[in-house]
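Here is a short briefing on a few spots in one protein chain. Keep the structure open and find each spot as you read.

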Amino acid sequence: MSSHYMVCTEHKASLWQRYARYQMASIALLLTFCATYFYFQDVVQHSATRTNNVLTSYFGANRSYSSIEPHSHTNCPSLQLASSALENNKVTTQLVPLMKTNYIKTFSIDQWRSSAFPAPVVLKSEVVRRAVDQSQSPGAWYTHKNVCVNSEDGSTRFPEAVSAEYVEISERLGLFNASIPFAPKPVNFTAIDEPGRAVHHLPGVTIIAQCWRSSGPNPYHYMFAMGKLFTLLHSSKPFRVDHVVLHQCPNPNQLPDFHKVVWKFIFDLGIRNGFFNVETSVHSLSGKTESGMDFFCMDHAEVAYSFWFIGSQGAPFAQAFRPFLWRYIDPELTSQSPRQTGLSPQLSQTDGSQCDACVKALRFGLYKRPSSDHNQRKITNDEEVFELFREFSRNVVVVSVSSVSSLEELYDQFNSFDVIVNSVGSHAMNFLLTDSSRYAVIDVWALEIENLSETVQDFVPYYAVSYPHLPEDPVLQQTAKTVVGSVHNTELHYDFMNANLIIDIPRLRGELQKAVAFVCNCSGTVEI
């Protein structure tokens with residue numbers, strides 16, 4: 001046999017060996033992939049089963065506690081895996097572990113009294129590095145360890161007997177200076193003698209966001225909690241959140257459309273930015289009385305003490321909030337009418353040369369509180385206000401919404417004007433739905449009221465306040481004569497904020513002239 005033949009034969013044998021090894025490696029890789037795929041399928045299904053049984057409505061519909069069903073994440077392809085588990089998180093009546101090392105246990109009050117829960121601790125947050133109000137105290141975020149919370153006042157409840165150091169540090173940090181529903185509050189577990197009450201232990205890291213004594217669909221108070229969550233999830237360095245407690249907040253999924261849409265995008269933002277996951281539990285605590293309110297006791301809680309008016313944190317947060325929200329509003333709007341509801345493109349782009357034509361085309365709106373509301377914050381001489389509007393334009397509209405208005409109705413109402421005269425109220429959150437970059441809001445007040453403009457000033461293109469206007473109440477008319485500067489007194493603050501007003505027409509005319517000049521890009525004040 002020639003040497004050439006032997007070399008070829010050996011070469012062929014070598015090729016066959018390589019091929020066999022390649023085939024075996026390919027088969028091994030395929031088997032590994034299949035095993036990994038089925039393993040993760042099992043994990044996802046198991047996770048979905050566990051998430052489906054998250055602690056929810058443990059004591060039924062008559063209790064103050066309810067867990068919240070996260071929404072789907074189909075708008076974000078990268079969240080499809082988590083979505084299947086989250087969609088199955090329905091309300092149940094069972095209490096089961098979330099994970100072997102991270103689960104919620106429930107105790108009776110007697111059991112909790114006899115447990116060795118460590119002494120509470122409070123310090124400036126090291127987890128929340130960039131978030132709302134870090135430059136202010138007590139607005140910044142603080143870390144609390146071994147504290148509790150229920151639906152009554154007090155973002156954190158601490159046991160009186162073992163909390164001397166906690167109280168001292170909280171006082172030094174200024175936490176007791178926060179609004180009463182937010183400030184820490186002691187609790188005496190030994191004095192509670194109600195067999196039906198329970199304590200739920202939340203291990204891991206909990207975020208507490210507060211709505212301030214809200215048990216119904218008040219979008220203003222609701223945004224106290226949602227706003228704080230947004231600034232945290234939008235701007236802070238990510239960390240794992242095991243639980244979210246919405247303190248003194250109703251369940252968003254049982255509220256009107258606006259609340260549901262806001263909650264949907266907040267929860268999605270938490271997942272997208274690496275804070276939440278399919279194991280994150282969410283608990284809504286609403287109510288104002290101690291009776292029948294369960295406690296949630298936490299190993300580690302991150303708490304902020306500011307109100308978070310949506311406008312009070314400055315334009316950057318307000319400007320960031322709107323585009324996030326609109327990603328979720330757009331799919332919810334089903335109206336077939338054109339979306340362009342403001343000025344025509346020709347007039348909205350005017351350089352001032354078409355000022356007169358623009359002014360005549362403007363839509364002037366007056367916000368009127370619905371008849372179902374309490375008899376307060378109403379404009380009693382509205383016909384005179386309408387006549388003032390007609391000095392500028394014949395296009396006069398009434399804007400009115402209620403707590404049961406659909407998202408479609410809210411959108412239509414808050415896109416029906418170019419200039420609006422507005423009375424104070426939680427409905428102002430709906431200006432987030434106004435789909436225009438050139439509109440004006442004028443609030444009418446009885447007197448200058450400290451901090452009241454923080455509601456909307458940073459997320460509307462043009463905002464002004466017109467005051468003073470005469471309260472309808474004769475007693476308040478006399479009191480107004482004694483007030484110097486802005487109203488600081490708490491009782492007077494609410495008296496004047498809730499007052500029905502008789503509008504000073506010449507005063508309002510001056511504010512309207514400036515507002516119209518902005519909307520129509522006119523040079524100087526518009527004369528009529």
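V460 touches F431, Y439 and V441, leaving aside residues up to four places away in sequence. This is a predicted model.

**Around V460**
- V460 sits in the loop that lies between β14 and β15.
- The relative accessible area of V460 is 9%, so V460 is buried. The cut-off for buried is under 20%.
- S437 and V460 are 23 residues apart in sequence. In space, their C-alpha atoms are 8.1 Å apart.

**Strand β14**
- β14 covers residues 440-444 and is mostly covered, with five of its five residues buried.
- In a regular strand, side chains alternate between the two faces of the sheet.
- A440, I442 and V444 point one way from β14. V441 and D443 point the other way.
- Both groups are buried.

**Partners of β14**
- Strand β13, residues 419-422, pairs with β14 in the parallel sense over four bridges.
- I420 stands opposite V441 of β14.
- β14 and strand β15, residues 462-466, run parallel and are joined by five bridges.
- I442 has A464 in β15 as its bridge partner.

**S170 in a helix**
- S170 belongs to helix α4, which spans residues 164-173.
- Is S170 buried or exposed? S170 is buried, because its relative accessible area is 0%.
- Leaving aside residues up to four places away in sequence, S170 touches V122, L175 and F176.

Note on methods:
Residues are numbered from 1 along each chain as its sequence is written. This is a predicted model: local features need pLDDT of at least 70, side-chain atom pairs count only at pLDDT 80 or more; totals for chains, interfaces and linings use all residues. Side-chain values use heavy atoms; hydrogens and water are left out. Buried means under 20% relative accessible area, exposed over 50%, partly exposed in between (1.4 Å probe, protein chains only). Helices (H or I, at least four residues) and strands (E, at least two) are DSSP runs, numbered from the N terminus. Two strands pair if DSSP finds at least two bridges between them. Contact means heavy atoms within 4.5 Å.
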